[in-house]
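Subject: Structure handover

Hello,

Here is the structure I promised to pass on. Please open it first, then read the notes below.

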Amino acid sequence: MANWSAADHQFMSRAVQIAWQGLYTTEPNPRVGCVLVKDGVAIAEGWHQIAGEGHAEVNALRSAGDNATGCTAYVTLEPCSHFGKTPPCADGLINAGVSEVIVGMVDPNPQVSGKGISKLEQAGIQVRSGLMESQCRELNPGFIKRMASGMPYVRLKMAASLDGRTAMASGESQWITGPLARQDVQRLRARSSAIISGVGSIIKDDSSLTVRESELGLANAEQIVSRQPLRVVLDSAGRMPGSAKMLTLPGNTLIVSCVPVPAYIDGLDRVEWLKLPAADGGIDLSLLLQELAKRDCNEVLVETGATLAGAFIDAQLVDEFVLYQAMKLLGSRARPMFLLPFDRMSEQVGFDLRDSRMLGDDIRLTLVPKKESKA
């Protein structure tokens with residue numbers, strides 16, 4: 001195990017901090033930060049700002065200029081070694097004359113994994129890795145999972161009352177939670193590659209499933225909304241209304257079904273109809289996620305009703321459950337969060353609490369499935 005100094009932690013901590021500035025804009029690329037240090041002082045920093053543009057190392061080296069020679073580079077993710085939309089970052093560090101590179105984590109991308117480090121070492125640059133690895137991994141849960149398993153990171157979001165109800169029996173649901181919770185949901189959407197919903201929710205609410213600039217509350221909201229997540233509607237029987245407003249909104253819509261495309265959908269701009277095999281009376285959710293990963297989706301957000309939410313839980317496909325809970329009761333006739341027809345205590349699904357915080361009058365719980373549970 002490497003012997004990391006307090007200064008090492010300080011500089012990598014800064015690299016992690018600036019990497020988060022790319023939270024909403026780097027998809028499908030990972031979020032990465034880089035700090036260049038010379039004689040114990042940080043002289044330049046950079047982060048991956050927008051997919052297709054300069055990576056973190058390139059931006060930091062550009063800021064440092066000729067002063068980069070002899071520096072130590074702290075990078076949250078192994079520098080890339082292959083040509084993509086931009087040249088290899090490992091080459092940039094070598095050409096700049098950097099003397100040492102400290103890497104937070106090895107890149108899980110098979111095209112890169114270990115190769116960037118090897119290229120640096122072959123050029124005579126000292127490389128150490130594994131500093132603050134857990135914090136570096138937290139930057140890119142979706143990218144890491146997609147590269148390792150061919151599946152995106154699935155985040156299930158629900159809003160409910162204290163008694164676990166999401167709407168009145170009539171379907172009335174606006175608004176269970178307050179404006180700060182709704183703003184937070186917009187930010188979850190903005191960091192996602194795709195938003196998944198069921199056609200029943202679209203029929204009932206005529207949902208847009210878009211990121212709305214006015215509700216983000218962020219300085220670069222205009223830039224963020226220019227990249228709308230892919231809208232994914234699960235419609236096994238072909239019930240999608242031709243009048244649904246999402247079909248005419250900016251961004252792309254993918255309708256996933258078990259039946260052929262209807263004439264009123266075929267030919268619509270920015271709308272794709274994907275036929276997948278059926279499973280248990282509906283769409284095969286595992287196949288759906290594999291398809292989204294092939295489309296470079298890192299993180300997907302499931303926003304839907306009780307039936308589809310329950311299906312994702314029952315299929316053990318949820319990586320993270322985000323619950324916005326309002327301090328109110330809707331009563332026993334109101335609609336539940338999940339359709340999970342359990343009969344025995346042994347069927348229960350357990351979660352571990354990762355985070356809890358107040359958003360106005362509401363509480364946001366971030367939970368992950370217990371490893372020993374069925375989810």
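In H12, the buried residues include Ala306, Leu308, Ala309, Gly310, Phe312 and Ile313. Buried means under 20% relative accessible area, exposed means over 50%, and partly exposed lies in between (1.4 Å probe, protein chains only). Helices (H or I, at least four residues) and strands (E, at least two) are DSSP runs, numbered from the N terminus.

The model is predicted: local features need pLDDT of at least 70, side-chain atom pairs count only at pLDDT 80 or more, and totals for chains, interfaces and linings use all residues. Residues are numbered from 1 along each chain as its sequence is written, and side-chain values use heavy atoms, with hydrogens and water left out.

Gln316 follows H12 and has a positive phi, near 60°. Its loop runs between helix H12 (306-314) and strand S15 (320-325). Gln316 is partly exposed, at 48% relative accessibility. From Gln316 to Leu93 is 223 residues in sequence and 42 Å in space, C-alpha to C-alpha.

**Glu57**

UniProt lists Glu57 under "active site", in an unreviewed entry. UniProt positions are given in the numbering used here, feature names are shortened, and annotations may be inferred rather than shown by experiment. Glu57 sits in helix H2 (residues 56-64). Glu57 is buried, at 3% relative accessible area. Leaving aside neighbours within four places in sequence, Glu57 is in contact (heavy atoms within 4.5 Å) with Cys34, Val75, Leu77, Pro79, Cys89 and Leu93.

**H3 against H4**

How do the two helices lie, and at what angle do the axes of H3 and H4 cross? The axes of helix H3 (residues 89-96) and helix H4 (residues 115-122) come within 9 Å and cross at roughly 20°. Axes are lines fitted to C-alpha atoms, for helices over the stretch in contact; angles run from 0 to 180 degrees between N-to-C directions. That makes H3 roughly parallel to H4, a term for angles under 35 degrees.

**Ser161**

Is Ser161 buried or exposed? Ser161 is buried, with a relative accessible area of 0%. Ser161 lies in the loop between strand S6 (153-160) and strand S7 (165-167). Not counting residues up to four places away in sequence, Ser161 touches Ile176, Gln325, Ala326, Lys328, Leu329 and Leu330.

Best wishes

Terms used:
Angles under 35 degrees count as roughly parallel, over 145 as roughly antiparallel, 65 to 115 as roughly perpendicular and the rest as oblique.
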